[in-house]
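Trainee: I am new to this kind of model. Could you show me how to read its helices and sheets?

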Amino acid sequence: GRGKATCAGADTSVINEDDFSETESEYAHKQQETFQMVQDYPRPTVMACKGATIGAGVLFAADHDFAVLGEKTTFSYPETKVGLFSDRLPKLLLHNHGSQVAREVILKSEEIDPERALELGLVTDLVPESEVEQTARELVEQLADYDETVVRMIKETLKFEFDPENHIGYH
């Protein structure tokens with residue numbers, strides 16, 4: 001969440017280049033590794049979302065245990081509009097929020113009002129833009145005080161994993 005934007009999304013002019021497919025699998029692999037690292041982290045994870053949280057940023061927010069969103073932040077998953085598809089967010093949304101939320105976010109592919117993102121459970125906190133980082137930091141500090149063993153067991157129980165056979169599984 002540092003800087004003007006958390007994640008402004010992929011550069012569509014690069015993605016639409018003819019030679020992008022050559023680097024796409026390496027990019028996708030590194031992105032999946034990053035998402036998996038967040039998911040596997042034994043302590044609670046908190047994402048600070050401000051300015052813009054677009055595309056992979058929305059997926060990243062979905063992978064975190066908590067996401068603090070600025071009330072003026074652009075929150076959008078435009079992949080359908082630009083012709084991109086990854087099965088990770090639809091499956092995370094289905095698992096965590098249900099099919100109607102998955103349809104609204106993925107198929108509509110429109111900007112989601114910050115209040116609506118909170119209402120749908122896509123983020124856990126909605127605060128003024130100037131308070132995003134501090135609120136996220138305070139939440140991390142609060143969660144850090146909890147018993148590490150208990151937190152690890154809770155996270156393991158709630159864990160959502162991808163299975164190489166069908167890309168989805170529950171742990």
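Mentor: Start with helix length. The expected span of a helix is 1.5 Å times one less than its number of residues. This is a predicted model, and its helix H8 (residues 132-144) has 13 residues. From the first C-alpha to the last, H8 reaches 18 Å, close to the 18 Å expected.

Trainee: Which residues of H8 are buried?

Mentor: Buried means under 20% relative accessible area. In H8 these are Val132, Thr135, Ala136, Leu139 and Leu143. They lie on the same side of H8, because they cover an arc of only 100 degrees around the axis.

Trainee: What do the buried residues of H8 pack against?

Mentor: They pack against E1, E3 and E6.

Trainee: How are those strands arranged?

Mentor: Strands of a sheet pair through backbone hydrogen bonds, either parallel or antiparallel. Here the order is E1-E3-E6, in an open sheet of three strands with parallel pairing. Strand E1 (46-49) and strand E6 (125-127) each have a single partner strand, so one side of each is left without a neighbour in the sheet. From one strand to the next, the twist averages 20 degrees. E6 is joined to strand E3 (residues 66-70) by three bridges, and Leu69 has Leu126 in E6 as its bridge partner.

Trainee: Which strands make up the open sheet with mixed pairing?

Mentor: That sheet has three strands in the order E2-E4-E5. Strand E2 (52-54) and strand E5 (111-112) are its edge strands. E2 and strand E4 (residues 74-76) run parallel, joined by three bridges, and Ile54 stands opposite Ser76 in E4. Helix H3 (residues 56-63) lies across E2 and E4, at about 90 degrees to E2.

Terms used:
Residues are numbered from 1 along each chain as its sequence is written. This is a predicted model: local features need pLDDT of at least 70, side-chain atom pairs count only at pLDDT 80 or more; totals for chains, interfaces and linings use all residues. Side-chain values use heavy atoms; hydrogens and water are left out. Two strands pair if DSSP finds at least two bridges between them. Helices (H or I, at least four residues) and strands (E, at least two) are DSSP runs, numbered from the N terminus. Axes are lines fitted to C-alpha atoms, for helices over the stretch in contact, and angles run from 0 to 180 degrees between N-to-C directions. Buried means under 20% relative accessible area, exposed over 50%, partly exposed in between (1.4 Å probe, protein chains only). The arc is that of the directions from the helix axis to the C-beta atoms. Contact means heavy atoms within 4.5 Å.
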